[in-house]
Amino acid sequence: MSAEAEAPTIPLLTPYKMAIFNLSHRIVLAPLGRLRSYNHFAQPHAILYYSQRTSKGGFMIAEATGVSDTAQGYPNTPGIWTKEHVEAWKPIVDAVHAKDFQPNGQAPISSTSNPIRPDSNIFDGADVHFTPPRRNAIEAGFDGVEVHGAHGYLIDQFLKDGANDRTDKYGGSLENRCRFALEIVEAIVEEIGAERVGIRLSLFTDYEDCEDSDPEALGIYMAKALNKYGIAYCHMVEPKLTHIGDSKSLLPMRKAFNGTFIVAGGYDREKGNKAIAENHTDLVAYGKLFLANPDLPRRFELNAPLNKYNRKTFYTPDPVIGYTDYPFLETNA
């Protein structure tokens, strides 16, 4: 009798080493702003939300977190610019670490919305002082910092020629428009080490009228420029294909960047496995699917049915509905 055939390898569930982080699988929780941090303080109900989505050796990126009281684009988003904000985040991060203890430290990574260098002359000499979020995030217990350079936020506005009309050294040429983002990355790397720094970019999106005339050139320039700093990862949002034959792709950026590459946007189990198997990416970040399926890695392992997400409850202020009430898979397997 022939030996029973081994189960096929599931690429999303293979281990991966990213800088100092030993990951047991390649399924990442994408940063999801849920607008449930009342008065800009992380809330106790976030302990359950993040703990539900914690898995052994998993990697999670916390929601975008403001670094000053003037950096709030939406209501009820968390902050991290005061000691009180730091203290509010600590039990959340501690709960995740308690559920997934690893000697090298694992997720979550803090995703800051507008990281600003205190000595930056971006404010044209104005006397502006911010508590550096790169220090506060680490003090709160986060294992690293993801710079939020996507979706129409401040850094994205500087990167894209459709939004940046400055005439100084931060506007005009590709090099100038990327200067602000790279200065921020450099400052955080100097503070906490390159192995604990990542960046998120959405080159092909047009949030808040933030679009670029040549997103591929912008992406390749940023990918190559980021190599200088040796950061842990570059996290990019996939372009939305609007018609048959659309050739927009993150592959040129993947090839240009030397570190770990994370993709997000429109991935399911099959597409994620295919992207990793074909070496188009190292990790895949899931947002809506991970929100609706807190045990997403387990469901992908079993190829089990997925809960459907409810868009109507994405941004409601309720601390439970549409946030921590999505059911887990009922199995003893």
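Glu-87 is partly exposed, with 38% relative accessible area (buried is under 20%, exposed over 50% and partly exposed in between, using a 1.4 Å probe and protein chains only). The model here is a predicted one, so local features need pLDDT of at least 70 and side-chain atom pairs count only at pLDDT 80 or more, while totals for chains, interfaces and linings use all residues. Numbering runs from 1 along each chain as its sequence is written, and side-chain values use heavy atoms, with hydrogens and water left out.

Back to Glu-87: its side chain pairs up with Lys-83 in a salt bridge, with 3.4 Å between the closest N and O atoms (the cut-off is a side-chain nitrogen of Lys or Arg within 4 Å of a carboxyl oxygen of Asp or Glu). These two residues sit four apart in helix H2 (residues 83–99), so about one helical turn separates them. Helices (H or I, at least four residues) and strands (E, at least two) are DSSP runs, numbered from the N terminus. Lys-83 is also partly exposed, at 45% relative accessibility.

Lys-83 has another salt-bridge partner, Glu-139, and here the closest N and O atoms are 2.6 Å apart. Because Glu-139 belongs to helix H3 (residues 133–139) and Lys-83 to helix H2, this pair ties together parts 56 residues apart in sequence. Glu-139 comes out as partly exposed, at 38%.

Then there is Asp-212, which makes a salt bridge with Arg-177 at 3.0 Å between the closest N and O atoms. Asp-212 lies in the loop between E7 and H6, and Arg-177 in helix H5 (residues 174–192), so this pair links parts 35 residues apart in sequence. Both ends count as buried: Asp-212 has 11% relative accessibility and Arg-177 has 7%. As for Lys-83, Glu-87, Lys-90 and Glu-139, salt bridges with shared partners join them into one network. The structure holds 11 salt bridges.

The loop between strand E7 (197–201) and helix H6 (215–227) also holds Asp-206, which is partly exposed at 48% relative accessibility. Asp-206 is part of a negatively charged surface patch, together with Asp-161, Glu-208, Asp-209, Glu-211, Asp-214 and Glu-216. Such a patch takes residues with over 30% relative accessible area and no salt bridge, joining like charges within 9 Å.

Zooming out, the chain has 10 helices and 10 strands, and 56% of its 333 residues count as buried. Among contacts (heavy atoms within 4.5 Å) with a separation of 6 or more, 71% involve residues 24 or more positions apart.

Definitions and conventions:
Patch = residues over 30% accessible without salt bridge, like charges linked within 9 Å, V, L, I, M, F, W, Y side chains within 5 Å. Areas by Shrake-Rupley, 256 points an atom, 1.4 Å probe, with all protein chains shown as cover. Lys, Arg positive; Asp, Glu negative; His and termini not counted. Charge placed at Lys NZ, Arg CZ, Asp CG, Glu CD.
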